Amino acid sequence: MNGETRLLAPLVPTRGYFPDFLTPAEGLLGMDAALEALRETPAVRLHDELSRLSAARPLPTWIREMAEGSTRSLGRLAGVLQRYYEAAVAPHWPRVQGRIEADRAARGRALLDGGADRLLASLPPMLRWRAPVLEADYPVDRDLHLNGRGLLLLPSYFCRRTPVTFHNPDLTPVLVYPVEHQTPRLAPPEPPERCLSRLVGQTRSAILQGIGVGCTTSELARRVDVSLASASQHATVLRDAGLLLTLRQGNAVLHTLTPLGAALLRGARPAEVHG
């Protein structure tokens, strides 16, 4: 992954200009939509934006080829971005998405309570609403005139200190702003199995995981290493919560997971990432 990360470095310098096509507004709909929009970037736009980038620093051959309209190089870029996302972002995505959704909820509440004025006034401190102008701490001095167009506000977990907007003023006006961070860095996620234990208790978590494709109360007690009475009691609680189904078979009962129980258990297992 380090080698592929180095491939991206010339396109995203630590300061200064970077191409607008790398941050399509379709990213609001998810990574798949963003990559699709990137692959469909018009050749003329690629040439203009990458030429601007090359004026500040030399670019590798494959990026220069992309600037000249190479669809193969553009596809290579999309692949590198997909793999980088899977390795560096996807493992943390539930936490990132949760923080973004919390910010959207806060902005939506402000909009409902006081309209556009309240919404714009609720933005982070680096943005100041002084009607009819939204001022922003920005690396360079510039004015962006909407001219009757709307402004798409995008909260970002990875945008820090200052907001970001497209360099090209003719593109749909987009303002990417930082969400509030409670910690200075993205901490490693807590193991999902531990979270499930904290939610339903260690024994009931073990019972959910021990049921498998179905088992009797006696089998469940052996698998979880609890008494028969304890296994029966916990199974009853989980059944009443809609997580188990219990069917009688002769003198025994068979416990199986409900769709809700299976979904809860899947959430406690590491998700597989497919290329």
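Colleague: How many helices and strands does the protein have?

Modeller: The protein has 11 helices and eight strands, where helices (H or I, at least four residues) and strands (E, at least two) are DSSP runs, numbered from the N terminus. Please keep in mind that this is a predicted model, in which local features need pLDDT of at least 70 and side-chain atom pairs count only at pLDDT 80 or more, while totals for chains, interfaces and linings use all residues. Residues are numbered from 1 along each chain as its sequence is written, and side-chain values use heavy atoms, with hydrogens and water left out.

Colleague: Why is α2 called roughly antiparallel to α5?

Modeller: Helix α2 (residues 31-39) and helix α5 (residues 71-89) pack at an angle of about 160°, with their axes 9 Å apart. Axes here are lines fitted to C-alpha atoms, for helices over the stretch in contact, and angles run from 0 to 180 degrees between N-to-C directions. Angles under 35 degrees count as roughly parallel, over 145 as roughly antiparallel, 65 to 115 as roughly perpendicular and the rest as oblique, so α2 is roughly antiparallel to α5.

Colleague: Which residues make the contact between α2 and α5, and what classes do the residues of this contact divide into?

Modeller: On the α2 side the contact is made by M31, D32, L35, L38 and R39, and on the α5 side by L74, L77, A78, L81, Q82 and Y85, where contact means heavy atoms within 4.5 Å. The residues of this contact divide into eight nonpolar, one polar and two charged; Ala, Val, Leu, Ile, Met, Phe, Trp, Tyr, Cys and Pro count as nonpolar, Asp, Glu, Lys and Arg as charged, and the others, Gly among them, as polar.

Colleague: What makes S73 a buried residue?

Modeller: S73, which is found in helix α5, has a relative accessible area of 4%. Buried means under 20% relative accessible area, exposed over 50%, and partly exposed in between (1.4 Å probe, protein chains only), and S73 is therefore buried. Leaving aside its neighbours within four places in sequence, S73 is in contact with W62, E65 and M66.

Colleague: Why does A37 count as buried?

Modeller: A37 is found in helix α2, and A37 counts as buried because its relative accessibility is 18%. Apart from neighbours within four places in sequence, A37 is in contact with P24 and E26; A37 and E26 are 11 residues apart in sequence and 6.7 Å apart in space, C-alpha to C-alpha.

Colleague: Why are α9 and α10 called roughly perpendicular to each other?

Modeller: The axes of α9 and α10 come within 8 Å and cross at roughly 105°, and α9 and α10 are therefore roughly perpendicular to each other. The contact is made by T217, S218 and A221 of α9 and by L228, A231 and S232 of α10, and by class it has three nonpolar, three polar and no charged residues.

Colleague: What makes D225 exposed, and where is D225 found?

Modeller: D225 has a relative accessible area of 68% and is therefore exposed. D225 is found in the loop between α9 (217-224) and α10 (228-240), and phi of D225 is near 65°, a positive value in a residue other than glycine.

Colleague: Why does N147 count as exposed?

Modeller: N147 counts as exposed because its relative accessibility is 69%. N147 lies in the loop between β2 and β3 (152-156), and its phi is near 50°, a positive value in a residue other than glycine.

Colleague: Which residues does a cis peptide bond join?

Modeller: A cis peptide bond joins A131 and P132, with omega about 5°, and the place of P132 is in the loop between β1 (127-130) and β2 (133-136).

Colleague: How many disulfides does a search of the whole structure find, and why do C159 and C215 count as buried?

Modeller: The search finds zero disulfides, a disulfide being a pair of cysteine sulfur atoms within 2.5 Å. C159 counts as buried because its relative accessibility is 9%, and C215 is buried because its relative accessible area is 0%.
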